Amino acid sequence: MSSADWQIMLTGSFVAVSCGLLGCYLILRRMAMVGDAISHAVLPGIVLAFLVSGSRDTLVMLIGAGLIGLLTTFLIEFFHKKARLQTDASIGVTFTWFFALGVILISVYAGQVDLDQECVLYGEIAYVPIDLWILDDGTIIGPRALFITGGLLLVVVAGILLFYKELYLTTFDPAFATALGISAALWHYILMGAVSLTTIASFESVGAILVVAFLIAPAATAYLLTDNFRTMLWIAAGVGVAISVSGYYLAVWLNGSIAGAMASAAGLLFMLAFLFSPSHGVVFRQRRMRKGAEKVRKEKLTSGR
C-alpha cells in the first residue's frame, strides 16, 4: 500500500471521527440535517466574501462561508423557538432562503466569474496526496488536508473532553442544566458553531457528500448499538474509521469514486446495525417478541387457561 493510500484513508478518518462525534449531539438533539442545510446555505457567504475582498483565496471564502454558516444555525434555532416551527421546517426554510439568495448574488454581481460552491468548497478526497503544503523556502511539509483535518480533530476532541458536562446536560436535560446555571442557549450555539466550522473546513478536503454522510451515519449507527452516551461517542468514532477504510478499499476494488464508495459503506454499516443491533436491531427484536409470545403461550397452557 502506498503512502497516498494511507493519506487518503487517514484524512477520511480524521473527518469521519470529527463529524461523527459532533453528529452524536445532533442526532440526540434531533438536528441531524443541520450539516446538509449548512452545505447549501453558505453560498451567499462565498459570494459576499469575493465581492468584499475581490479574491478567490480559499481562506477568504472559508471565512465568508463560516460566518453565514453560523448565521444559518442561529436562524434555525430562532425560527424554532420564536416562531414555534418544527426543527425540520426551520432548517428547510433557512437553507433554501440562503441558497436562493446566493444564486441571485452570483447571477447579478458575479455572473462573469467562475465562482460557485464547486470551485471553492466541494473538494475531492482523491486529490489529498497531490495538494501539498509547501513553505516559502520550497520545503514540502505534506498533504495540506491531512494537517487541516488532523488539527480539526484535535480541537473537536479537546472541546468535548473539556466541556463534556455542559454539552451532556444541555443535550439531555436543558431545564436541569439551566437550573444548575448552565446556559442551554449558549451551549447550543457553541455546538452549532462547532458543527458549522467543522462542516465547512472539511468540505474542501473531502467534499460535501462525505461531510454530510460522516455527520449522520456514524452517529446514527452508534445510536442503534448502545444506550450509553460515552459508548456512543466511542462507537461513532470507530464506525467513522471503518467507513473510511472499507470505503476506500471498495473504491479501489470497483475503480470508482472514493467519496461515493465511502458514503455507500456508511449506508451499509448503518443497515447492518439496523438489522443486527443486539438492543435495537430488527432481527433480535423480532426474536425477542417471538420468545415473549411463546412464553405467554406456555404459561397459559400450564395454568390451564
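**Entry 1: loop residues with positive phi**

I began with N255, which is exposed because its relative accessible area is 72%, where exposed means over 50% relative accessible area, buried under 20%, and partly exposed in between (1.4 Å probe, protein chains only). I noted that the model is predicted, that local features need pLDDT of at least 70 and side-chain atom pairs count only at pLDDT 80 or more, while totals for chains, interfaces and linings use all residues. I also noted that residues are numbered from 1 along each chain as its sequence is written, and that side-chain values use heavy atoms, with hydrogens and water left out.

N255 is not a glycine, yet I found a positive phi of about 55° for this residue, which sits in the loop between helix 12 and helix 13 (258-276).

R30 lies in the loop between helix 1 (3-28) and helix 2 (34-41), and I list R30 as exposed because its relative accessible area is 72%.

**Entry 2: the chain as a whole**

I counted 14 helices and two strands in the secondary structure of the protein chain. The C-alpha trace spans about 85 × 55 × 35 Å along its principal axes, and of the 305 residues in the chain, 44% are buried.

**Entry 3: the salt bridge**

I found one salt bridge in the structure, taking the term to mean a side-chain nitrogen of Lys or Arg within 4 Å of a carboxyl oxygen of Asp or Glu. The partners are D131 and R144, whose closest N and O atoms are 2.9 Å apart. This pair links distant parts of the chain, 13 residues apart, with D131 in the loop between helix 6 (117-120) and strand 1 (132-134), and R144 in helix 7 (residues 144-162). I record D131 as partly exposed because its relative accessibility is 31%, and R144 as partly exposed because its relative accessible area is 26%.

**Entry 4: the largest pocket**

I next looked up the largest pocket, which holds about 360 Å³ of space. Of the 16 residues lining the largest pocket, R29, E77, H80, K81 and H188 are the closest to its centre.

The pocket search runs on a 1 Å grid over the protein atoms alone, and a pocket is an open set of points with protein on both sides within 12 Å along at least five of seven lines, lining residues being those with an atom within 4 Å of a point. Grid points are joined across faces, edges and corners, and the volume is the space filled by probe spheres set on the points.

Helix 4 (58-82), helix 8 (164-172) and helix 10 (184-206) each supply at least two lining residues, and helix 4 gives the most, with six residues. By class I noted seven nonpolar, five polar and four charged residues in the lining, with Ala, Val, Leu, Ile, Met, Phe, Trp, Tyr, Cys and Pro counted as nonpolar, Asp, Glu, Lys and Arg as charged, and the others, Gly among them, as polar.

**Entry 5: a nonpolar surface patch**

I found a nonpolar patch on the surface formed by M1, W6, V241, V245 and Y249, which together have about 500 Å² of accessible area. Such a patch joins nonpolar side chains (Val, Leu, Ile, Met, Phe, Trp, Tyr) within 5 Å, from residues with over 30% relative accessible area and no salt bridge. Helix 12 (residues 229-254) contributes the largest share of the patch, three residues. Y249 is found in helix 12, and I class Y249 as partly exposed because its relative accessibility is 44%.

**Entry 6: C-alpha separations**

I looked up F98 in helix 5 (residues 87-109), which is buried because its relative accessible area is 5%. F98 and H40 are 58 residues apart in sequence, and their C-alpha atoms are 7.6 Å apart in space.

A194 is placed in helix 10 and is partly exposed because its relative accessibility is 28%. I noted a C-alpha separation of 14 Å between A194 and I63, which are 131 residues apart along the chain.

From C-alpha to C-alpha, S303 and C19 are 55 Å apart in space, and they are 284 residues apart in sequence.

How values were computed:
Patches are made of residues with over 30% relative accessible area and no salt bridge: like charges are joined within 9 Å, nonpolar side chains (Val, Leu, Ile, Met, Phe, Trp, Tyr) within 5 Å. Accessible areas come from the Shrake-Rupley method with a 1.4 Å probe; for residues, only the protein chains shown count as cover. Helices (H or I, at least four residues) and strands (E, at least two) are DSSP runs, numbered from the N terminus. On a 1 Å grid over the protein atoms alone, a cavity is a set of points where a 1.4 Å probe fits but cannot get out, and a pocket is an open set with protein on both sides within 12 Å along at least five of seven lines; lining residues have an atom within 4 Å of a point.
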